[in-house]
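Please read the following alongside the sequence and the model. The text goes from the overall form to single elements and then to the ligand.

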Amino acid sequence: MIRLEGVGKHYPGAARPAVDGIDLLIEEGRTCALIGPSGCGKTTTLRMVNRLIEPSSGRIVVAGRDVTAADPVKLRRGIGYVIQGTGLFPHLSVAGNVATVPRLLGWDRARIAARVDAMLGLVGLDPALFRDRRPASLSGGQRQRVGVARALAADPPVLLMDEPFAAVDPLERGRLQREITEILRRLRKTVILVTHDLDEAIRMGDTVAVMRDGRLVQHDRPDQVLAAPADAFVAEFLGSDRALRRLTLLTAAAACRSGERPPEGAPEVPAEASLQVALSILLGSGAEALAVVDGGPRPVGTLSLAAIRALAAGLPDPSGAVARSPPLV
Ligand SMILES: Nc1ncnc2c1ncn2[C@@H]1O[C@H](COP(=O)(O)OP(=O)(O)O)[C@@H](O)[C@H]1O
Ligand SMILES: [Mg+2]
């Protein structure tokens, strides 16, 4: 759990605070994607959580402890931190980088070696091939994988990530976003992910927190933020295609009327396909409804154009798909 209570940062000499009285609660095991335009205070907020920056006001509680009362060096060993690009030590091997915190914690060699291999495996790097390489010999994506392995090596409950995949090419970025999200959920890490990339925020965040000029303007589930932006600024930041983006968050199975027989000859859509895919099939075929199939003997339900339209707009939908998604914390 991470809790910010009235947290502010006023850099000396600045005309106004970089971060201005933020209240934010991230429940254990959840990822909060912190987004907003450049200069709105995302990095400052993140770095106050591990005390690389001292807050000017407020209180930050991590895993039940007030971080302002903790020794900053010890605190940082219990909080994973992943930054864009060059966070790795260039003179150390991949194994040496991943072993950083376990070494500081005084683990013995055998335990460290085993942990390094396990962490590399976790992030999809074969230890036998990567352990002895230098960061300079890796691709951007591989480097970020090592960065995540290093941050998780001592099994911290909390992970802070600042634009971790910004320097990675788009194809690899998508893969990383999916894989790392899966790992963080499985390990039940509590995460703050700073990004200016809306797709990344939606893909990786259980919740999305939108900042503007040092203030938090909205914190909600991605589908809720997309359906009901708090104000005109958030709506503009999300873009005019936010209704379409919202459709990527729901599956055909979640949105269909289950058990209802589709019309004769209705095109099929796989149960796990997103509503964006379903809409595309509907538009392409001219049909009004789809048969949602999961490989079983009969369709699992019917998905109508009207239902998709309602969900995209954030209206109450007859199937209750949005109401069934996990409650916001
Ligand atoms: N060390 C610093 N000293 C003074 N001002 C800073 C410092 N770091 C950031 N700022 C200012 O604080 C504001 C927020 O910066 P930052 O937290 O880096 O925003 P973001 O990560 O959202 O781009 C900006 O106006 C920036 O210029
Ligand atoms: Mg930043």
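Helices (H or I, at least four residues) and strands (E, at least two) are DSSP runs, numbered from the N terminus, and two strands pair if DSSP finds at least two bridges between them. This is a predicted model, in which local features need pLDDT of at least 70, side-chain atom pairs count only at pLDDT 80 or more, and totals for chains, interfaces and linings use all residues. Residues are numbered from 1 along each chain as its sequence is written, while chains are lettered from A and ligands numbered from 1 in the order in which they are written.

The protein has 16 helices and 14 strands. Its radius of gyration, taken over C-alpha atoms, is 22 Å, close to the 20 Å that the globule rule (2.2 Å times the number of residues to the power 0.38) gives for 329 residues, so the protein is as compact as a globular protein of that length. The C-alpha trace spans about 65 × 50 × 30 Å along its principal axes. A residue is called buried if 20 or more other C-beta atoms lie within 10 Å of its own, exposed if 12 or fewer, and partly exposed in between, with C-beta atoms placed from the backbone. By this count, 44% of the 329 residues are buried.

Strand β9 covers residues 207–212, and five of its six residues are buried, so the strand is largely enclosed by the rest of the structure. With strand β3 (residues 31–35), β9 runs parallel, joined by four bridges. Here I35 has V210 of β9 as its bridge partner. With strand β10 (residues 215–220), β9 runs antiparallel, and five bridges join the two. V210 stands opposite Q218 in β10. β9 and β10 form a hairpin with two residues between them, and in the turn D213 has a positive phi of about 50 degrees.

Helix α15 takes up residues 305–313, and its buried residues are A307, I308, L311 and A312. Seen down the axis of α15, these residues fall within an arc of 130 degrees (the arc of the directions from the helix axis to the C-beta atoms), so they line one face of the helix. An α-helix has 3.6 residues a turn, so residues three or four places apart point the same way. The face of α15 turned away from the buried side carries the exposed residues A306 and A313. G314 follows α15 and has a positive phi, near 80 degrees.

Which residues are around ligand 1? They are Y11, A14, A18, G36, S38, G39, C40, G41, K42, T43 and T44, where the C-beta atom, placed from the backbone, must lie within 6 Å of the molecule.
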